[in-house]
Amino acid sequence: MRLLVLLAGAVLLLPGQTPETWTLPEGVDWRRDIIYSRPSANRELKADLFLPDSGSGMRPAIVYIHGGGWRAGNKQAFRRQAAHMATRGFVGLCIEYRLSREAKWPAAYEDAQAAVKYLRDNARALRVDPERIGAAGGSAGGHLAALLGTNPEFRLAAVAAFNPALDLVDLGKDAPGSSNSIVDFLGSRYVDNPELWRAASPSRQVSARSAPFLFLHGTRDETVPYAQSVQMREALSKLGVVAELFSADGAGHGFFNRDPWFAPTLERMQTFMEAHLLGRRH
């Protein structure tokens, strides 16, 4: 019996199982460690590609970006979400990117951009619709996904941001423990380059041309305050941009990959992506 049961579009856990226990669903082609970018002559960036086995025509795609304070983490973080979404017809690209100990800003952001470019450059081979690409990420990965979504140059169709770091200026002030990781990421203290900190904050880049956003955030997040998602949702809504918020009552940071939040957050992301990348309204 499969450890993950797919029923009515949601991932349900069998009794006694945890979200970390999983098997690849039937009908999904998982291609590991493909090279999606070469930022330098001696550096290759790899990703895991999840492809639906069935269906015809051009398909939507989602870039998945892991968290870890821009210092740590790996491309496995969203593989269960990507595998499930592939059963729904979405191509998924789970990427690694240069962490702060290797390269400072804007390296990680450039790598996220390269992932979108990879999907568009290989659209015919992968049967990806270049105008139906979304991004999903958690924490630091949510920050990078949100930067893509607020930059109209990348024409993203939707963004799902899980406990995302959205305002680095306020994050350094309201959650002082985050300041060191932001300094490592940006290569600068706020007092030395406030313009850089503001430019790297997605919530300060919102415009009427931003992509539709879904924020998923725990109300007791100890690392990135829940208020960050509330404030950016309100800013986008005032500009007429679709912006939704899934509030996980009492949940902390990284809640979405843990029981009991894994299934409901995945279902909410699925509903949102199907609405904006497939035109399916539930």
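Predicted model: local features only at pLDDT ≥ 70, side-chain atom pairs only at ≥ 80, totals over all residues.
Q: What makes strand 5 and strand 7 a pair?
A: Pairing takes at least two bridges between the strands. Strand 5 (residues 59-65) and strand 7 (residues 128-138) are joined by six bridges, so they pair, and they run parallel.

Q: How do you know that strand 5 pairs with strand 6 too?
A: Same test: at least two bridges are needed. Five bridges link strand 5 to strand 6 (residues 91-95), so this counts as a pair, again a parallel one. Over here, Y64 stands opposite C94 of strand 6.

Q: Why is the link from strand 5 to strand 6 called right-handed?
A: Picture the strands pointing away from you: right-handed means that the path from the first strand over the helix to the second runs clockwise. The chain goes from strand 5 through helix 1 to strand 6, and this β-α-β crossover is right-handed, so its path runs clockwise in that view.

Q: What makes strand 5 "mostly covered"?
A: Buried means under 20% relative accessible area, and seven of its seven residues are buried. R59, A61, V63 and I65 point one way, while P60, I62 and Y64 point the other way.

Note on methods
Residues numbered from 1 in each chain as written. Heavy atoms only, no water. Buried < 20%, exposed > 50% of the residue type's maximum accessible area, 1.4 Å probe, protein only. Helix = DSSP H or I, 4+ residues; strand = E, 2+ residues; numbered from the N terminus.
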